[in-house]
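Walk me through this structure.

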Amino acid sequence: MENLSRRKALSLGVALGLVGVANPLQAWASTGSAAGAAAGTGPEWIWDSAADPLMASMLDNGHVPAINSAWASWVNNDDPLPTGVPAEFTAYLKQVNALPSWADPVKLTRAADFNRRRDTYLFMLYGLGSGIMSTVIPREARSVYWSAGGANMQDRAAKTFTFGYDLSQLGAFEPTGQFVVTANKTRVVHASVRHLLPQSPHWKAVTDETTPISAADILVTFHSLGTYVHRKLLDWKIPFPAADQEAFLHAWQVAVHLLGVPDEHIPQTWAAAEQQSAQVLTPILTPTTEGVEMAEDLLGLTAQIDLGVTRGFLNEFVRYVLSDQVGDWLGLPRDYASAALIRTAWPAFILFREGLSPIMPGTFYVFDQFIRALAMLFLNKGASGTTTPITIPTANRAA
């Protein structure tokens, strides 16, 4: 059985472009980390010593509604910190509301320019690749499903997409950008969920954790986003100079730091990231009841924004970017005509967009509409491309 599981993980790793599956217990060594520090406690046993006790206090003492109201206008990185909140909450924000000392503004600027030039592919891969992959990461799927956000998947998807969208914007880390604020709000939400979810009998009945969203869980999510997208861009043979790759990784390193992951566990190179991903992400992918339902909810949302995108086409694109194995796990019905179209026309679409072919494929506008539909869907439920409000939960999903 162990060998069969290993073969399945290796097969899926090949499909996702992540190979070299090894012992997950060896994956968290800090060699090659952004900080280059000596290995300490493994990140599977690290949560957030700064934010967790703070948010437990804020929740238990009823301060969260006031915080949500106060920080609604705190959007841009150079906005003043919210007022009218407990002094200890303000003190915490002053402590974390800054880039790490090792952040490189030149690389961050280059990453922003890269994101602008590759936004088409990023929309597709973050939305349909990483977004749906999250539903077959058991801990993530169960934590999302049984937290308050799981009861409204469209709103939850909009908030999740905001994280990647703000990270991808020009000037994301500059004073007029929004990502530092978005990351700080997300970190506070994570701390709140860590306090709330262990109180949920539904979550406790299905989880293998005592406390959700460890540093290891956040790193797994990073690999389902940054590492996965990096690999797919290479697989699709999209021009990706080494300087752009380094800048793209650096932006993610800063993002993971802002979420509270200790620097010594953040991969320093893409080679280290891919090795870690192959060890700790690919082998754990598997369906759950919660994840299957979440995937259906997410994929069903496109029916609300019809730009000529059929559900069969959507299902097949998920299979294309993730694998038929993941599609089968999620019970996605086959549409062989769409599958044939995607597998032949998408590479031609890329060649034309990259100026590598003078011939515009006849299916160009099919893919163009598809991308627009995804963008409209996830950007604040199709209503705004500016910002999606992030609020701190005060309860779990009821059932």
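This is a predicted model: local features need pLDDT of at least 70, side-chain atom pairs count only at pLDDT 80 or more; totals for chains, interfaces and linings use all residues.

In its largest nonpolar core, which has 88 residues, the members that touch the most others are Phe-173, Phe-179, Trp-236, Trp-252, Phe-317 and Trp-346.

Take Phe-179 from that group. Neighbours within four places in sequence are set aside here. Phe-179 is then in contact with the aromatic residues Phe-163 and Phe-173. Its contacts also include Leu-167, Ala-172, Ala-255 and Leu-258. Asn-77 and Asp-166 complete the list.

Now turn to Asn-315. This residue lies in helix 15, which runs over residues 311-322. Is Asn-315 buried or exposed? Its relative accessible area is 3%, so Asn-315 counts as buried, the cut-off being under 20%. Again leave aside neighbours within four places in sequence. Asn-315 is then in contact with Leu-299, Leu-332 and Pro-333.

Step back to the whole chain. Which secondary structure does the chain have? It has 18 helices and zero strands. The chain has 399 residues, and 55% of them count as buried. Consider next the contacts between residues at least 6 apart in sequence. Of these, 76% join residues at least 24 apart.

Last comes the surface. The accessible surface of the chain is about 16500 Å². Carbon and sulfur atoms account for 56% of that area.

Definitions and conventions: Residues are numbered from 1 along each chain as its sequence is written. Side-chain values use heavy atoms; hydrogens and water are left out. A nonpolar core is a set of buried Ala, Val, Leu, Ile, Met, Phe, Trp, Tyr and Cys residues joined through side-chain atoms within 4.5 Å. Buried means under 20% relative accessible area, exposed over 50%, partly exposed in between (1.4 Å probe, protein chains only). Contact means heavy atoms within 4.5 Å. Helices (H or I, at least four residues) and strands (E, at least two) are DSSP runs, numbered from the N terminus. Accessible areas come from the Shrake-Rupley method with a 1.4 Å probe; for residues, only the protein chains shown count as cover.
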